[in-house]
Amino acid sequence: MPHLSETGKNSGGLCFNIKLSEVETSPQKHIFIFPLNVKWLGSWMVGWSNLVSMITVSLVSAFLAAYLTSYFREKADAKRAHLESLKRGCLTPILKELRNLRSYFTPDESYTFKVPPEWLDVKWCDYFSFSSRGADDVLFNDLRNHYPALFDKLRHIENHIVRKVYPKYIRIKCELVKKLYEHGAQNDVVLAGAFFMLVGVPREYWPNLHRKLEEKEMLSEVARISDAVARGSRKLVGEYKSLRSEALRVIEEAIRMVREALQSQKLKGKCNFI
C-alpha cells in the first residue's frame, strides 16, 4: 500500500511524498499532486461572501419595497374612503343646513307676515346643532382633525349666531313689525312691503310683492308707514341690520369653506380612522 508523507513547502503550496516501493520496483519518486494557494482561497471566499451579501440585500430591499408600497397604497385608500365618508355623512348635510340658516337672515316674499303680529317662538335655538340637523356626530367632531378652521367656524355659528344672535334678531324684527302695524300697516301685503322698505331689503327679494303694491297704487302709502317708523326707531333698525349683516357674513364664510372641502381630493391631518 502506498505510503504518503509531507516533504516540504513550495511557494505557498504543499508537496507530498508517495512511496511506491510496494507497488512497483522503480526507485522512489516524489510527485507534486495538488498545489493549494492560500491567498487565492481567501480571495475566493471573500468574493463568495460578497455575492451572498449582495443577494441578501437585494432580497431584503425587494421585500421592503413591496411591503412599503402595499402599506402606503392601503393608507391612501383609507384616506380616500374616509374623505368620502366626511363629504357624504357630514359636509353635505352641513352645507344644506347652512343654506337654510342663511334664509332665516334673508327676508323675502316667501315669508308670511301675520296680522296682527305675533311673537315668534325661537326655543329651537337652544337645542340647535349641526349633528342634530343631519350631520353624523362622530364625523362632525372629526372635522377638527382635518378642517380645524371650518370646525371652529361651525361651532361659532352654533353657539353664537344661532343661540345668541338669532333670538335677538327675531325679537327686534317682531318689535319693528308691531310698530309698522300700529302705524297703519293693517294687512299682510302692506305690512310685508313696509318692513322690506324699513330694513332695506333689495327689491329683487320681493319683486312680485312690489309689483302687486304698484298695481294697487299702494307704494306711496307703504313708503309713508316705513318712513314714520324709521324716524322713531333708527337705533332699533340699525341694530337689526347689524345683526343680519354679522350672521350672513359668518354663514357665507362657512358655506365657502364647506364647498372648498367638498371639492378637495386630498385629506389633510390625522385621525383614528386612517
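**Close-up views of the predicted model**

**View 1. A salt bridge joins the side chains of E253 and R249, at 3.6 Å from N to O.** The structure is a predicted model, in which local features need pLDDT of at least 70 and side-chain atom pairs count only at pLDDT 80 or more, whereas totals for chains, interfaces and linings use all residues. Residues are numbered from 1 along each chain as its sequence is written, and side-chain values use heavy atoms, with hydrogens and water left out. A salt bridge is here a side-chain nitrogen of Lys or Arg within 4 Å of a carboxyl oxygen of Asp or Glu, and the count under this rule comes to 10. E253 and R249 stand 4 residues apart in helix α7, which means that about one helical turn separates them; helices (H or I, at least four residues) and strands (E, at least two) are DSSP runs numbered from the N terminus. With a relative accessibility of 46%, R249 is partly exposed, and E253, at 23%, is likewise partly exposed, where buried means under 20% relative accessible area, exposed over 50%, and partly exposed in between (1.4 Å probe, protein chains only).

**View 2. K153 also forms a salt bridge with E253, the closest N and O atoms lying 2.6 Å apart.** Because K153 belongs to helix α3 and E253 to helix α7, this pair ties together parts that are 100 residues apart in sequence.

**View 3. Within helix α6 (residues 219-232), E221 and R224 are 3 residues apart, so about one helical turn separates them.** These two residues form a salt bridge whose closest N and O atoms are 2.7 Å apart. E221 is partly exposed at 35% relative accessibility, and R224 is partly exposed as well, with a relative accessible area of 43%.

**View 4. I161, in helix α3 (residues 148-182), is buried, with a relative accessibility of 0%.** Setting aside residues up to four places away in sequence, I161 touches F105, H156, Y166, E246, A247, V250 and I251, contact being defined as heavy atoms within 4.5 Å. I161 and L248, which are 87 residues apart in sequence, have their C-alpha atoms 9.4 Å apart in space.

**View 5. H82 is placed in helix α1 (residues 38-104) and is buried, its relative accessible area being 6%.** When residues up to four places away in sequence are not counted, the residues that H82 touches are L139, D142, H146, L267, C271, F273 and I274.

**View 6. V201 occupies the loop between α4 (188-199) and α5 (207-215).** Although in a loop, V201 is buried, with a relative accessible area of 8%. Apart from its neighbours within four places in sequence, V201 is in contact with P107, F196, W206 and R244. Of these, P107 is 94 residues from V201 in sequence, and the two are 7.1 Å apart in space, C-alpha to C-alpha.

**View 7. A patch of positive charge on the surface gathers K79, K266, K268 and K270.** A patch of this kind is made of residues with over 30% relative accessible area and no salt bridge, like charges being joined within 9 Å. Lys and Arg count as positive and Asp and Glu as negative, while His and the chain ends are not counted; the place of a charge is taken as NZ of Lys, CZ of Arg, CG of Asp or CD of Glu.

**View 8. The whole protein, for orientation, has 7 helices and 3 strands.** Along the sequence these elements follow the pattern β-β-β-α-α-α-α-α-α-α. Of the 274 residues, 32% count as buried. Among contacts between residues at least 6 apart in sequence, 75% join residues at least 24 apart. The protein exposes about 17500 Å², of which carbon and sulfur atoms supply 56%; accessible areas come from the Shrake-Rupley method with a 1.4 Å probe, and for residues only the protein chains shown count as cover.

Methods. Patch = residues over 30% accessible without salt bridge, like charges linked within 9 Å, V, L, I, M, F, W, Y side chains within 5 Å.
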